[in-house]
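Hi,

Here is the structure I promised to pass along. Have a look at it first, and then read my notes below.

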Amino acid sequence: MTSPTAPGIVAGRLSADLLTAGFADLHAPLDRHEAHVAADRCYFCYDAPCMTACPTGIDIPLFIRQISTGTPEAAARTILESNILGGMCARVCPTEDLCEGACVREAAEGKPVEIGRLQRYATDTVLTRQGHPFTRAAETGKRVAVVGAGPAGLSCAHRLAMLGHAVTLYDARPKAGGLNEYGIAAYKSTDGFAQREVAWLLGIGGITLDAGKVLGGELSLDTLSDEFDAVFLGVGLGGVNALGIDGDDHDGVRDAVSFIAELRQSTDLSALPVGRNVVVIGGGMTAVDAAVQSKLLGAESVTIAYRRGREAMGASRYEQDLAASHGVRILFNVKPHAVHADAIDLEYTSDDGTGLRGTGETMTLSADQVFRAIGQTLTTDGGLTVEGRKIKVTGAGRTTRDGVWAGGDCALGGDDLTVTAVAQGRDAALDIHAVLTGA
Amino acid sequence: MADLTTDFLGIKSPNPFWLASAPPTDKEYNVRRAYEAGWGGVVWKTLGSEGPPVVNVNGPRYGAIYGADRRLLGLNNIELITDRPLEVNLEEIARVKADYPDRALIVSLMVPCEEQAWKDILPRVMETNADGIELNFGCPHGMAERGMGSAVGQVPEYIEMVTRWCKTYYDRPVIVKLTPNITDVRKPAHAAKNGGADAVSLINTINSITSVNLDAMSPEPMIDGKGTHGGYCGPAVKPIAMNMVAEIARDPGTRGMPISGIGGVTTWRDAAEFMALGCGNVQVCTAAMTYGFKVVAEMKSGLSQWMDEKGYTSTADFIGKAVPNVTDWQYLNLNYVAKAKIDQDACISCGRCYAACEDTSHQAIAMSADRTFTVIDAECVACNLCVDVCPVEDCITMEAMAPGTTDPRTGKVVQKDYANWTTHPNNPGAVAAE
Ligand SMILES: Cc1cc2nc3c(=O)[nH]c(=O)nc-3n(C[C@H](O)[C@H](O)[C@H](O)COP(=O)(O)OP(=O)(O)OC[C@H]3O[C@@H](n4cnc5c(N)ncnc54)[C@H](O)[C@@H]3O)c2cc1C
Ligand SMILES: Cc1cc2nc3c(=O)[nH]c(=O)nc-3n(C[C@H](O)[C@H](O)[C@H](O)COP(=O)(O)O)c2cc1C
Ligand code: SF4
Ligand code: SF4
Ligand code: SF4
């Protein structure tokens, strides 16, 4: 075993026990008693603010009441009817910004009903049984191609299959799940949950998964449009923005998302190398996840360098505190200036209202490893019209090309959240259904 | 998912959840929204005779009892029957029924105890095409002082008489709604049956004072410094209602008579319990008034899930199933011996069971210096108090002793055979066992 203070980017900084403990479930599941106590706090609000705040519009008061009355399976059904990935969303949603942030008990006592954990309690009940609670409508004879098996694609495929359409689900990667499988922090989705959820979701039937097929490679939008009655693109954002500074191509500089993908696919975390001094550039959820997981792998010091102030940070206050509680330092108002072999120069910034500028003052931090987490970019547009660096869509995901829909991170108007991708996939499916059946 | 369709007196409804006659059913606007929210049926707010309608107080008409976290457990009201003109109500009823033919719509009535009054109103109800009528013999305040409501419900002869008039002048089902403000609820139920009623519904509200304002020294709700008793309803009255339902369901004189169960129904489970005790359906008021019409969604999903789990395909499969197990104390098996058992893994060492048993029961729980609580079998009489006060569900359980083992409290061997008080040696009136 090496140690946290070993220089360079090396593996095995922590013992197996520490690794296991660190990467365990961020929030332990509620047991029945805890769930009932938590559910008891819900007021069953009218036109509930929590429900409005949920991008998939889950009937939160109803499902919590169903937990209270001892029917978590019915609760799960309520959740999954609106959000088929309710299990993953229960683990990864920034609830502090969504449902729980809007909960009236946040206003009353500064302590919202634990909606996320209750949602997990309910959906776990159904998923552990592995029975699929929904059945397909009669076959419509219509065929739809869904490209990208991330949250948007999965949600779209499921709803289409449920409505009786035959779906072929393509993905470039060997496993379905998108960022659920390759991106979400390991401690949010433990014990292979992403794959279990995908398998359970496919239990509806009527969906053929064809993994390892790339749009722009063996697949083209023209042939898909010819072969299928409709096409949905949920290809996410495959590219990562460059830093655009000296030393960007340095060995120690890496995309946070590829680091996390490697981590998520690793079967032996003690074999995964990480720097002694890690600096993460960025201010979103990806930055926090890369930082925290570096720390959990045993990096001695981890710093997030964000170019604006705390208020502007993409990561919620909860995520920031999570990072802090793991010993990650967050520096605000600094931007990367130059990367050296074992250090990084950061320049202070200020914004007088006319735009963000470097002040000229710099600092240097030790850095064996630097992660880029400054946003992802669209890599596949299928030749469709792009606007604001995303595929242009109107209404329920209609692209500028007839018969082609898009949703999730790749499409205009999303929040780059799992739950929004699910909502958009579902809504596009309903629109596709309406168009295909003339309803 | 299980089929929740119910047939009550030939009146079909998509589920057994009806709204009771009360403010939620006082007007077309409400009833339409209730049906849209999924209620299977509605008993319209009680109508009175033609003429100037009753007036309500213009101050608070409700009082409440809360559990922890201001959960509403009991509601008390001093509201009267509908205060809207008869004509308006009848027109609305006819319109709503025409638009919702698959939902039950019952008209609740309360007119003076004179034949002519009933003769006048029944043909007009008939014209609305409502599915049946419910006679409100239960309202405990205001109307009783005018010789209606519970003033009728407390006199079985009146019930029988009025029911007979209704059966004479109206040819659809007649449900008699009973008041709980009476010593023996079987008497009015018999009277309803003798009068020809198709069913009884119970309970209406219970006479109550929910609180006293200690500054003004007046009961609440307080109207200008004075209060009056009101009608109590909500979760708190469910046990009282269920006992009354069971008494009627198992009485030889009324056994098999259809019952509509009312009183504190708030969740699917409450409904299942009332139905197991013989109710063909349930009526709900306070739960809707506390949580809104949407509360029925949980009742439907829960009942249907439970039925699936139990393998019941229709509500008829379980209606009345618990009735044969309701018996008199004297027939309970005195040879059945149980002991409390504490699950040490579940126990959080609060000591509530200890306080209860040590101070008020049988000193049958031992507490160690490190706060481990264990039942002393030689003292435990299996009273269940510890189970009832323990904050952790299923932490304390009652375990039956196997026949042949010795009860350390009595030193007697537990007998396999059933034996009750009627044959017990301590009973001076015991009949010798065969
Ligand atoms: C590190 C990280 C952490 C995150 N954490 C959270 C979080 O905690 N909570 C949260 O709500 N959101 C989080 N997000 C955002 C969330 O993961 C995304 O918003 C969500 O996954 C978007 O879903 P999607 O289906 O649009 O795209 P993706 O999940 O990216 O899925 C796209 C799929 O399309 C496939 N694909 C791409 N190109 C092609 C092609 N050319 N041909 C075929 N298939 C292709 C990909 O292989 C992938 O499977 C995080 C994102 C990252 C990067
Ligand atoms: C405000 C209020 C008004 C009521 N008015 C009537 C009425 O007009 N006629 C009637 O038969 N019962 C009336 N009831 C009684 C209810 O129909 C029902 O029997 C009782 O509330 C018990 O059911 P619950 O516990 O579900 O509320 C009223 C109850 C309340 C709370
Ligand atoms: S806002 Fe909070 S209390 Fe109200 S329904 Fe939603 S979870 Fe329950
Ligand atoms: S059942 Fe009664 S007697 Fe036995 S331990 Fe509990 S409280 Fe005591
Ligand atoms: S009341 Fe229940 S939790 Fe409390 S000490 Fe007794 S057994 Fe334990």
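This is a predicted model: local features need pLDDT of at least 70, side-chain atom pairs count only at pLDDT 80 or more; totals for chains, interfaces and linings use all residues.

The residues surrounding ligand 3 are C42(A), Y43(A), C45(A), A48(A), C50(A), P61(A), C103(A), V104(A), V113(A) and I115(A). The space that ligand 3 takes up is the second largest cavity.

Next, the pockets. By class, its lining splits into 19 nonpolar, twelve polar and twelve charged residues.

Which elements supply at least two residues each of that lining? From chain A they are α2 (32-40) and α4 (60-68), and from chain B they are β6 (72-77), α8 (268-276), α9 (286-291), α10 (296-310) and α12 (385-389). The largest share, six residues, comes from α2(A).

Finally, chain B as a whole. Chain B has twelve helices and 22 strands. Its radius of gyration is 25 Å, close to the 22 Å that the globule rule gives for 434 residues, so chain B is as compact as a globular protein of that length. The C-alpha trace of chain B spans about 75 × 60 × 50 Å along its principal axes, and buried residues account for 50% of the 434 in the chain.

Cheers

Conventions:
Residues are numbered from 1 along each chain as its sequence is written. Chains are lettered from A and ligands numbered from 1 in the order in which they are written. Side-chain values use heavy atoms; hydrogens and water are left out. A residue is near a molecule or strand if one of its heavy atoms lies within 4 Å of it. On a 1 Å grid over the protein atoms alone, a cavity is a set of points where a 1.4 Å probe fits but cannot get out, and a pocket is an open set with protein on both sides within 12 Å along at least five of seven lines; lining residues have an atom within 4 Å of a point. A molecule sits in a cavity or pocket if more than half of its atoms lie within 2 Å of its grid points. Helices (H or I, at least four residues) and strands (E, at least two) are DSSP runs, numbered from the N terminus. Ala, Val, Leu, Ile, Met, Phe, Trp, Tyr, Cys and Pro count as nonpolar, Asp, Glu, Lys and Arg as charged, and the others, Gly among them, as polar. The radius of gyration is taken over C-alpha atoms; the globule rule is 2.2 Å times the number of residues to the power 0.38. Buried means under 20% relative accessible area, exposed over 50%, partly exposed in between (1.4 Å probe, protein chains only).
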